[in-house]
Amino acid sequence: SNDNNTIRNQEPVEEKSSVASRYNKAISKPESPTKERKKRESKYAKKSKLRRVTTRSGGSVIKKTGRKTLLENPEDFVNELKVKPTSKLLENLSKAINDNDSKWLEEFINFGGIEMVMTILHQRLLVTQVRGTSKLIQLNCIKVIKMTMNDENGLKYVLEIKDSLGILSLAIGTGNLKAKILVTKILAAICNIPPIELNHKKVLDAMNFYQKTKGERLRFKTLVSSLQLEDDVEYRTNVMSLINAIVN
């Protein structure tokens, strides 16, 4: 409409470097002004002891038993994700992305780590019977993706992954309230970062992905209906913010 065009024409042009900061402002809770974030060397202990085991074919593999080893490098996390993507591993990965610099995240991305996390999340969100452990894995996958999107290059990379926002949107149809709270907040924030027209379309495409994957008769039906089904104030606020961002 003419009104919408007028509003968009009045929006100030933002520098590329401010895109991630605007997303971060929308997605993050305010912190105490006296609290400064410190970069720490990431050392996340995983109890394991390595021993060589002979296989039936005559070869040998390394297995783990009891001593502590440390996950520090991006490649270490990727290798562990290939073996067994536990909720604790994903939690530690989220902390590692937060505690390290952009170079660490870039290496993790280059090793295919984000696509791997997205695949794990997609698989878990397609499961109908979700137990406590699976809920934690869903939530921690989303936290890893959110933490990646806090970085400007990470945000750009996630948005370029095919159906990335659509996969995230699948959380809306689950019983995982914490995951739903986080995803609706992310999607609402994406609608409002430049280039707004492009990112607004990406969120609409995500809802189309949800509709097609879940066989939803009317687009947004699950999202709107959830306002009546969920009593959580934060979730309801996020849903209203998302609906307003989509409509406007």
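**Getting to know a predicted model**

Tutor: Let's start in a loop: Ile 172 lies between helix H9 (164-169) and helix H10 (177-191), where helices are DSSP runs of H or I with at least four residues, numbered from the N terminus. This is a predicted model, in which local features need pLDDT of at least 70 and side-chain atom pairs count only at pLDDT 80 or more, while totals for chains, interfaces and linings use all residues. Residues are numbered from 1 along each chain as its sequence is written, and side-chain values use heavy atoms, with hydrogens and water left out.

Student: Is Ile 172 buried or exposed?

Tutor: Buried means under 20% relative accessible area, exposed means over 50%, and partly exposed is in between, using a 1.4 Å probe and protein chains only. Ile 172 has a relative accessible area of 3%, so this residue is buried.

Student: Which residues does Ile 172 touch, not counting residues up to four places away in sequence?

Tutor: Contact means heavy atoms within 4.5 Å. With that rule, Ile 172 touches Lys 180, Val 183, Thr 184, Leu 187, Met 207, Tyr 210, Thr 222, Leu 223 and Tyr 235.

Student: What distance separates the C-alpha atoms of Ile 172 and Thr 222?

Tutor: Thr 222 is one of the residues that Ile 172 touches. The two are 50 residues apart along the chain, and their C-alpha atoms are separated by 7.6 Å.

Student: Why is H4 described as roughly parallel to H7?

Tutor: Axes are lines fitted to C-alpha atoms, for helices over the stretch in contact, and angles run from 0 to 180 degrees between N-to-C directions. Angles under 35 degrees count as roughly parallel, over 145 as roughly antiparallel, 65 to 115 as roughly perpendicular, and the rest as oblique. Helix H4 (residues 87-99) and helix H7 (residues 132-149) have axes 9 Å apart and pack at an angle of about 15°. That makes H4 and H7 roughly parallel.

Student: Where is Asp 163, and is it buried or partly exposed?

Tutor: Asp 163 sits in the loop between helix H8 (152-160) and H9. Its phi is positive, about 60°, although Asp 163 is not a glycine. Most residues other than glycine have a negative phi. With a relative accessible area of 33%, Asp 163 is partly exposed.

Student: Which form does the peptide bond from Pro 194 to Pro 195 take, cis or trans?

Tutor: Pro 195 lies in the loop between H10 and helix H11 (196-214). Most peptide bonds are trans. The bond from Pro 194 to Pro 195 has omega near -5° and is cis.

Note on methods:
Helix = DSSP H or I, 4+ residues; strand = E, 2+ residues; numbered from the N terminus.
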